[in-house]
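Hello,

Here is the structure I promised to pass on. Please have a look at it first, and then read on for what turned up among the side chains.

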Amino acid sequence: LVIPWPGARLVAWADDGRMLVADDAGKVGELDARGEFLRGVKLDPPVVAAAWNPQGFWVLASGARAIRWDHEGMTHLTGSPDDEAITDVACASDGKRIALTVRDGLVIALFWPSRDTAGSLEYPERKVDGLAFGPPTLLAVGLDGGDGNKVDFQARAVNRTDTHPGRPHRRWLVKVGISPPEEPA
């Protein structure tokens, strides 16, 4: 399947095969599993990260805003601390947690739909390169240089990834705050 989208900067998929495409000019489009255009919107600043939430909506990172986009339109989900750019987003497979990367070294996880803080990780000496949820309570945080952490919200624990063979073993600081495992009432 080839979909022409000049200037595309990101592609994200929903669990039913739908696709989201965004470009440098701020155009965002949702396409069905066959590549047929469903709907679009234009955002300023352009979207730099997107993730599908299984509860039925896209989470888009546009500047310092995280936006919820569903069939009813767009709504503000949250903003970043100090209006710094959100650079990555991820949603748990049950949709109950949403994680955001802010200013290269800060990860914030929120409970959904309450938007209360589920946890945070701050890396003063490293750059966060990616986020991904595994089972609903596990979050993987990729770091520059091929390192990473696994956050288990249920156990309230953070573990580092093993050093890959042939790579130097690095140490790093991480400031961790994890809320109780269950969403507040």
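In this predicted model, Arg 39 lies over the face of Trp 69, 4.1 Å from the ring centre. Arg 39 also forms a salt bridge with Glu 30, with 2.6 Å between the closest N and O atoms. Glu 30 is buried, at a relative accessible area of 2%.

Another charge over a ring involves Lys 27: its charged end sits over Trp 5, 6.0 Å from the ring centre.

Back to the salt bridges, of which there are 13. One of them joins Arg 18 and Asp 16 at 2.9 Å, N to O. Arg 18 is buried at 18% relative accessible area, while Asp 16 is partly exposed at 45%. Another links Arg 126 to Asp 144, with the closest N and O atoms 2.8 Å apart. Arg 126 is in the loop between β12 and β13 and Asp 144 in the loop between β14 and β15, so this pair ties together parts 18 residues apart in sequence. Through shared partners, salt bridges also join Asp 16, Arg 18, Glu 30 and Arg 39 into one network.

You will find two aromatic pairs as well. Trp 52 and Trp 58 are edge-to-face, because their ring centres are 5.1 Å apart and their planes stand at 70°. Both Trp 52 and Trp 58 are buried. The pair of Phe 57 and Trp 112 is tilted, with 5.1 Å centre to centre and 55° between the planes. Phe 57 lies in strand β6 and Trp 112 in the loop between β11 and β12, so the pair ties together parts 55 residues apart in sequence.

Best wishes

Conventions: Residues are numbered from 1 along each chain as its sequence is written. This is a predicted model: local features need pLDDT of at least 70, side-chain atom pairs count only at pLDDT 80 or more; totals for chains, interfaces and linings use all residues. Side-chain values use heavy atoms; hydrogens and water are left out. Rings of Phe, Tyr and Trp (its six-membered ring) pair if their centres lie within 6.5 Å; planes under 30 degrees apart count as stacked, over 60 as edge-to-face and the rest as tilted. Buried means under 20% relative accessible area, exposed over 50%, partly exposed in between (1.4 Å probe, protein chains only). Helices (H or I, at least four residues) and strands (E, at least two) are DSSP runs, numbered from the N terminus. A charge sits over a ring if NZ of Lys or CZ of Arg is within 6 Å of the ring centre and within 35 degrees of the ring normal. A salt bridge is a side-chain nitrogen of Lys or Arg within 4 Å of a carboxyl oxygen of Asp or Glu.
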